Amino acid sequence: MTGRPTHGPLPEGSPELHPGAEAVLDPAHAAEVLAAHSERIVVGGVDRRGRPIVVKVERNTERHQREVSVLRTLRSGGVPVPEVLDASRDDAVGAWVLVLERIDGEPLTGADDPARWAAVGSGLAQLHSAVADPTGPPFSGHADGTFADHLQVWTEIERRQGVEEGWMTPAEGERLGILSAAATNRSDDVPQVLLHGDCAPQHWLFGPAPEPRPVDLGDAGVGDPTYDLMVLTLTAPERLGDVLDGYQADDALRDHVAAVVPGYRALRLAGEVSWLREHRFDPSPSLARLSAALA
């Protein structure tokens, strides 16, 4: 798992994905590029039937199939995720095309009041409880092993890459290993749930509906619910208490969160830095947060 920017420049290698979205969108209406990088594009607009939609053109078959399956499962369980309108392969562009209903609304931000953060905590609890005894890998691209196995492999990748590329000192790499191991060793102490996977504040929208709605579930998987709670509050750690209140976390879960969040946070930030660098985005904000987390 890594950071997922919602806006940014279009790197080389992505323009050929645009025809996959253009084939679905009504050219009479303006389209908006919501995300773009070498792996996928996400475009908002109107289809030829006049419906507001979001189109995801995705190279990764496993990620596409996972998102379709998770969205349909959660929607059938009463979680207010976007409806899947179409999912198909576009051989002309060599990618998968996912068409979703467009959810209008304002994303959660650090400036929002505690009640909104608590509401998202409640919505996240609903998402986590929608599937009883979920099975499957923790994140897209990791078909084998448990959530703990994934964290161990991921940590070693980030430590090696960070030190080799110079954005992490050897001492910081060692510290990352210590923090991550402390979290990994306790990651199975709570029941594993279906995770959002990239539960950032911008992926919860407040609109006409009374409850916040989760979007962008291509990284959904099975693991420790604390991971989602950490990602949600990564840039606003002072809101974690509000989220836990809305989540209706008991004392045992709160103790677990306190123990594992530092390790999850450091690893997520390291993953963001490497992902942003690889996809030609500015990693400076995440790098500053990582340095602070490893200090």
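Is Arg63 buried or exposed? Select it and see: Arg63 has 3% relative accessibility, so it counts as buried (buried is under 20% relative accessible area, exposed over 50%, partly exposed in between, with a 1.4 Å probe and protein chains only).

Before moving on, note that this is a predicted model, where local features need pLDDT of at least 70, side-chain atom pairs count only at pLDDT 80 or more, and totals for chains, interfaces and linings use all residues. Residues are numbered from 1 along each chain as its sequence is written, and side-chain values use heavy atoms, leaving out hydrogens and water.

Asp216 lies in the loop between β9 (213-214) and β10 (221-223) and Arg63 in helix α2, so the pair ties together parts 153 residues apart in sequence. Helices (H or I, at least four residues) and strands (E, at least two) are DSSP runs, numbered from the N terminus.

Next, colour the open sheet of five strands, ordered β1-β2-β3-β5-β4 with antiparallel pairing (strands pair if DSSP finds at least two bridges between them). β1 (32-36) and β4 (84-90) stand at the edges with a single partner strand each, so one side of each has no neighbour in the sheet. Zoom in on Val33: its bridge partner in β2 is Val43.

Last stop: Asp47 and Arg51, whose side chains meet in a salt bridge (2.7 Å, N to O). Asp47 is buried at 5% relative accessibility, while Arg51 is partly exposed at 29%.

Methods: A salt bridge is a side-chain nitrogen of Lys or Arg within 4 Å of a carboxyl oxygen of Asp or Glu.
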